[in-house]
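Let's take a friendly walk through a few spots in this protein. Have the sequence and the 3D view open as you read.

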Amino acid sequence: MEGLGDMKPVIVVHGGAGRIFKDREEGSRSGVTRAALKGYNILKQGGSALDAVEEAVTLMEDDPHFNAGCGSVLNEKGEVEMDAIIMDGKNLASGAVSAVKCIANPIKLARLVMEKTEHMLLTDHGAQLFAKAKGVPEIPGEKLITERSRERWSKNLEADSNPQEFKKDPGTVGAVAIDSEGNVACATSTGGLTNKLVGRVGDSACIGCGGYADNHIGATSTTGHGESMMKVVLARLILYHMEQGMSPEEAADTALDYMKTRVNGLGGVIVVSNSGDWAARFSTKQMSWASVKDDQLQCGIYTGEIQTRSVAEALGSK
């Protein structure tokens, strides 16, 4: 392609770390695969890392298998409140929204916050007013609620329920990418924790916790127990370890290990370095993830599992 940079594009996505029930494995796998292929297609055509991560996450927000957008878990009042962040590694610009309701794609709103305001994070009512001003369509909150989310919510209200069990459900979706110009970006979106307090904001909307991107180092998106990730500023911690010379995999493992020993928190991360190396690592039982590099698609859910096929093969079987 004429005029493109000579960096090989890479995209990695995740569909949340936690416990993925057998009946949801297939849907999770195909969801992250579709998202990775969508993002990679944008990168292959010379599109930006920013567009690639936004589109990949949008696709997962629209997929009811994931706790983001449609399929988000419900707060204590039985409503969906969503958080999202996007970040541009070129100039460290970032946009985020928190506790937003009644919109299909919080990640698109986060991008608008980044590009159309002087701010980085809009919340709740203010985010809603901004969405309206920018012509983002409102949808009825019920449209985002799946049968499964409602079921999980009401089970949690039962007297002998164990809310901790439900907190192990996969959280967030996210994507990181590097484009042919060598720019990196990250995007993260979530419905948060089942039966969370109204107005609770987790790591996903917080820069350095739910995601971080810097062309000088790389990009990362995180998933897992939000409060734990906020305590250790997980996304920025990973990139710090990379600045010190660690590979993406070492940096991810070191940071996850620290979070586990220091605050007893579990999670997962995807990382891409500014040289195009990548990693998908997690301390939970499972995390659905997929990556594309050099026209090779890889994906997995279990520790140590890597399924590999060519992009052509994957597109052929869709």
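## Ground rules

Buried means under 20% relative accessible area, exposed means over 50%, and partly exposed is in between (1.4 Å probe, protein chains only). Helices (H or I, at least four residues) and strands (E, at least two) are DSSP runs, numbered from the N terminus.

This is a predicted model, where local features need pLDDT of at least 70, side-chain atom pairs count only at pLDDT 80 or more, and totals for chains, interfaces and linings use all residues. Residues are numbered from 1 along each chain as its sequence is written, and side-chain values use heavy atoms, with hydrogens and water left out.

An α-helix has 3.6 residues a turn, so residues three or four places apart point the same way.

What covers that buried face? Just after helix 4 comes Gly135, with a positive phi of about 75°.

## Thr284, tucked into a loop

Thr284 sits in the loop between strand 10 (278-282) and strand 11 (286-293). Is Thr284 buried or exposed? Its relative accessibility is 13%, so Thr284 counts as buried.

Now for its polar contacts (pairs of N or O atoms within 3.5 Å; within protein, one must be able to donate a hydrogen and the other to accept it, and residues adjacent in sequence count only if both atoms are side-chain atoms). The side chain of Thr284 reaches the backbone nitrogen of Gly18 at 3.4 Å, and a polar atom of that side chain lies 2.8 Å from the backbone oxygen of Gln286. Not counting residues up to four places away in sequence, Thr284 touches Ala17, Gly18, Leu266 and Gly267.

Asp277 belongs to the loop between strand 9 (267-273) and strand 10. With 39% relative accessibility, Asp277 counts as partly exposed.

The side chains of Asp277 and Ser275 are joined by a polar contact of 3.4 Å. Setting aside neighbours within four places in sequence, Asp277 is in contact with Pro248, Val271, Val272 and Lys293. Asp277 and Ser247 are 30 residues apart in sequence, and 7.9 Å apart in space, C-alpha to C-alpha.

How values were computed. Contact = heavy atoms within 4.5 Å.
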